[in-house]
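Please load the model and keep the sequence panel open beside it. The stops below say what to select and what is found there.

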Amino acid sequence: MENSKKVVVFECGNEEYAISIENVISIEKDEKITPVPHLPSFMPGITEVRGELIPVLDFEDILYNRSLTNQEQKLLVLKTDELTIAVKVKEAKEILDIPLDQFKEIGLAAYKKTEYFTSVAQVGDRLITLIDPSILISSLDGMKQIKDYITDLKKQQTV
């Protein structure tokens, strides 16, 4: 439908967030995350999904400066123009088809640290914040070095 946007809704903190289904490759159980020294706190390490090494971002840490416990977490595997990433979230709840007129611009989008929040949708009594993963990646400190590291790892695997 052209008049709606299909999104994957997930929970982080006590809030609901969504990412366009176009960016979501898969939803995985918490796979084995291999820690890598000296990464930013929001990146607990890397994981392998379908033979590809990808960085894992802890969305709870990015938003609330606290890590998720290992019990109820999922990994949303996302593709962006630059990089495939996994985002660790509390719970991937559902896939919704939200009418475009439900999305409203949010004033916080202009705030540099949260420019990846592109809009908010009101669905019944729920507020769901839409996130653009490409903007998220480009707004996080240290992501260029992480992209370089993943590129180097992939080169080493092919040698």
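What is the order of the strands in the open sheet of 6 strands? Colour by secondary structure and read across: the order is S8-S1-S2-S11-S10-S9, and the pairing is mixed. Two strands count as paired if DSSP finds at least two bridges between them.

Before going on, note the ground rules. This is a predicted model, in which local features need pLDDT of at least 70 and side-chain atom pairs count only at pLDDT 80 or more, while totals for chains, interfaces and linings use all residues. Residues are numbered from 1 along each chain as its sequence is written, and side-chain values use heavy atoms, with hydrogens and water left out.

**Whole chain**

Read from the N terminus, the elements follow the pattern β-β-β-β-β-α-β-β-β-β-β-β-α-α. Along its principal axes, the C-alpha trace spans about 50 × 30 × 30 Å. Of the 159 residues, 47% are buried (buried is under 20% relative accessible area, exposed over 50%, partly exposed in between, with a 1.4 Å probe and protein chains only). Contacts are heavy atoms within 4.5 Å; among those between residues at least 6 apart in sequence, 56% join residues at least 24 apart.

**Strands S1 and S2**

Select residues 4-12, which form S1, and residues 15-20, which form S2. The two strands pair in the antiparallel sense over 6 bridges. Cys 12 stands opposite Glu 15 in S2.

Now pick Glu 11 in S1. Is Glu 11 buried or exposed? Glu 11 counts as buried, because its relative accessibility is 16%. Neighbours within four places in sequence aside, Glu 11 contacts Val 89, Lys 90, Glu 91 and Lys 93.

**Aromatic cluster**

Show the side chains of Phe 10, Tyr 17, Phe 59, Tyr 116 and Phe 117, which ring pairs link into a cluster. Rings of Phe, Tyr and Trp (its six-membered ring) pair if their centres lie within 6.5 Å; planes under 30 degrees apart count as stacked, over 60 as edge-to-face and the rest as tilted. The count comes to 5 aromatic pairs. One of them joins Phe 10 and Phe 59, with ring centres 5.7 Å apart and planes at 80°, so this pair is edge-to-face. Phe 10 is in strand S1 and Phe 59 in helix H1 (residues 59-64), 49 residues apart, so to follow the pair is to link distant parts of the chain. Both Phe 10 and Phe 59 are buried.

**Val 49**

Move to S4, residues 45-49, and select Val 49. Val 49 has a relative accessible area of 10% and is therefore buried. Apart from neighbours within four places in sequence, Val 49 is in contact with Glu 28, Ile 54 and Val 77. Draw a C-alpha to C-alpha distance from Val 49 to Lys 88: the two are 39 residues apart in sequence and 13 Å apart in space.

**Asp 101**

End in the loop between strand S8 (91-99) and strand S9 (103-104), where Asp 101 lies. Asp 101 is exposed, because its relative accessible area is 56%.

Notes: Helix = DSSP H or I, 4+ residues; strand = E, 2+ residues; numbered from the N terminus.
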